[in-house]
Amino acid sequence: MIEHSLSLCYRNKLILAPMVRVGTLPMRLLALDYGADIVYCEELIDLKMLQCKRVVNEVLSTVDFVAPDDRVVFRTCEREQSRVVFQMGTSDAERALAVARLVENDVAGIDVNMGCPKEYSTKGGMGAALLSDPDKIEKILSTLVKGTRRPVTCKIRILPSLEDTLSLVKRIERTGIAAVTVHGRKREERPQHPVSCEAIRAIAEALSIPVIANGGSHDHIQKYLDIEDFRQATAASSVMVARAAMWNPSIFLKEGLRPLEEVMQKYIRYAIQYENHYTNTKYCLCQMLREQLESPQGRLLHAAQSSQEICEAFGLGAFYEEMTRELNARRAELLARTPEAAAEPAEDTSGVIKMAVKFDRRAYSPQITPKMCLLEWCRKEKLAQPVYDTVQRPLDRFFCSVVTVAEQKYQSTLWDKSKKLAEQAAAIVCLRSRGLPEGRLGEESPSWHKRKREAIDQDPEGSRNQEHAVPGELCKKLFVALGSGEESPLGGW
């Protein structure tokens, strides 16, 4: 992606607030469509981001920051690049700078969360916990201002006294940041408490940098014109909207709110286009439906267990199929242009036994997987436990695994979306080639499950006790037959 200059302006702007689980790419694009000038991503923790690898996703035309477990932690695209602000949770200046440098070429600004009162943010000294440590605030912001090429901002709450609040924001201003967002409530207050427009006004009048007013959704903002009323009541330069925008992102539209059904369908289209995880899509739609969750459509949404089922619940089944075909065609085209990306693992694979198989969870007992069956068979035959060597294809980040058992290698020729699924497929190839049970429904259970049942039959008291055991103890008992000192077969389950 191209780089942008430090031109992001925070005056006279309508801004989508950072909201956990809400501020992902589909919601940010939707807010921009409806008139938001700047959009913030959800708070992302510095330690998590520093584990991520930056990946250019050619299929989706996005830049993804991918965690070691292959989860996309942050996804952005060129359309929002000049208007998206990356908000981080941090309590350490050097970590904050490392994260800023990791993302600065793909975002328009960097923000530090110093206002969230929830435990997921305050633990480790982040979020509102920073408000009690002005020295740390100053160090983090000064380090970012000096070390990154993007404008730096922070988001705070007001302190118990106005005098202390003004002292803090003046100290913040001296670090050289571009703007400060003020949520007009104290750390212990919640949305049902009135927002203090007077405190925000006092801050705006005391500072020369832009002050962004936040916290007005409950008392002030129900429609577009209310945003300007809130700005005037606080004398702020701009307004940041959180829950009112979560309920209906068309709050930013001058012409007025659009029908919720239209808004939700548009959101779903973005979610499918950018392969948003269905659980996140479902969560955001539930926030929009609110009191309509018990409606027929709300019940369909509640029952949906995939992106396809969400689309079908909103009459977008044909769109889902069309977009899926389009994305698959893009993948195929890119693979055809770069055949080396589709090559077999780099190791010498001569002598590898291969089959075109996939692990379909629905075909197997929830308690038994091919990897578990293979591990038990190796134990019974007094062989070393299976060794899995898994590689990831750069183009689409799919996985292929080779399992070695008794010096023979086995591999599925079909690539999978996750490392765990690829390993299960490799285990299936080994089991099938040796004519061994693999745990499919209707198949005879492996011997260790037989021993488990026999032990329960011989000790009915133990069986009753097990019913009341905590899950962790159940897991320990379930695998007692595997002996001590072995790796749990649930690893990579």
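Both faces of strand E12 are covered, since Ser238 and Met240 on one side and Val239 and Val241 on the other are all buried, where buried means under 20% relative accessible area, exposed over 50% and partly exposed in between (1.4 Å probe, protein chains only). The model described here is a predicted one, in which local features need pLDDT of at least 70 and side-chain atom pairs count only at pLDDT 80 or more, while totals for chains, interfaces and linings use all residues. Residues are numbered from 1 along each chain as its sequence is written, and side-chain values use heavy atoms, with hydrogens and water left out.

Strand E12 is paired with two other strands, pairing being assigned if DSSP finds at least two bridges between the strands. Strand E1 (residues 14-16) is joined to E12 by three bridges and runs parallel to it, with isoleucine 15 standing opposite methionine 240. Strand E11 (residues 211-214) is likewise parallel to E12 and joined to it by three bridges, and here alanine 213 has valine 239 as its bridge partner. These elements belong to a chain with 19 helices and 16 strands, helices (H or I, at least four residues) and strands (E, at least two) being DSSP runs numbered from the N terminus.

Over the whole chain of 493 residues, 51% count as buried. The chain exposes about 23,000 Å², of which carbon and sulfur atoms supply 50%, the areas coming from the Shrake-Rupley method with a 1.4 Å probe, and only the protein chains shown counting as cover for residues. Among contacts (heavy atoms within 4.5 Å) between residues at least 6 apart in sequence, 68% join residues at least 24 apart.

The second largest pocket has a volume of about 700 Å³. Of the 30 residues that line this pocket, Pro18, Met19, Lys118, Tyr120 and Ala242 are the closest to its centre. Strand E9 (152-157), strand E12 (238-241) and helix H9 (243-247) are the elements that give two or more residues to the lining. The lining residues divide into 14 nonpolar, eight polar and eight charged, where Ala, Val, Leu, Ile, Met, Phe, Trp, Tyr, Cys and Pro count as nonpolar, Asp, Glu, Lys and Arg as charged, and the others, Gly among them, as polar. A pocket is found on a 1 Å grid over the protein atoms alone, as an open set of points with protein on both sides within 12 Å along at least five of seven lines, and lining residues have an atom within 4 Å of a point. Grid points are joined across faces, edges and corners, and the volume is the space filled by probe spheres set on the points.

Two antiparallel pairs form hairpins. Strand E4 (residues 53-57) and strand E5 (residues 62-66) are joined by five bridges, and asparagine 57 stands opposite threonine 62. Four residues lie between these strands, and one of them, serine 61, takes a positive phi near 60 degrees; serine 61 is exposed, because its relative accessible area is 53%. Strand E14 (residues 387-392) and strand E15 (residues 399-405) are joined by six bridges, with cysteine 400 as the bridge partner of valine 391. In this second hairpin there are six residues between the strands, and arginine 397 has a positive phi near 65 degrees. Most residues other than glycine have a negative phi. Arginine 21, although not a glycine, has a positive phi of about 70 degrees; this residue is found in the loop between E1 and helix H1 (25-33) and is partly exposed, with a relative accessible area of 41%.

Two further residues illustrate buried positions. Valine 195, in the loop between strand E10 (179-183) and helix H7 (197-206), counts as buried because its relative accessibility is 8%. Leaving aside neighbours within four places in sequence, valine 195 is in contact with residues including Arg185, Ile200, Asn214 and Phe230. Its C-alpha atom is separated by 8.7 Å from that of asparagine 214, 19 residues apart along the chain. Isoleucine 272, in helix H10 (residues 260-273), is buried because its relative accessible area is 9%. With neighbours within four places again left aside, the contacts of isoleucine 272 are Ser307, Cys311, Phe319, Tyr320, Met323 and Leu327. Isoleucine 272 and cysteine 311 are 39 residues apart in sequence, with their C-alpha atoms 8.7 Å apart in space.

Methods. On a 1 Å grid over the protein atoms alone, a cavity is a set of points where a 1.4 Å probe fits but cannot get out, and a pocket is an open set with protein on both sides within 12 Å along at least five of seven lines; lining residues have an atom within 4 Å of a point.
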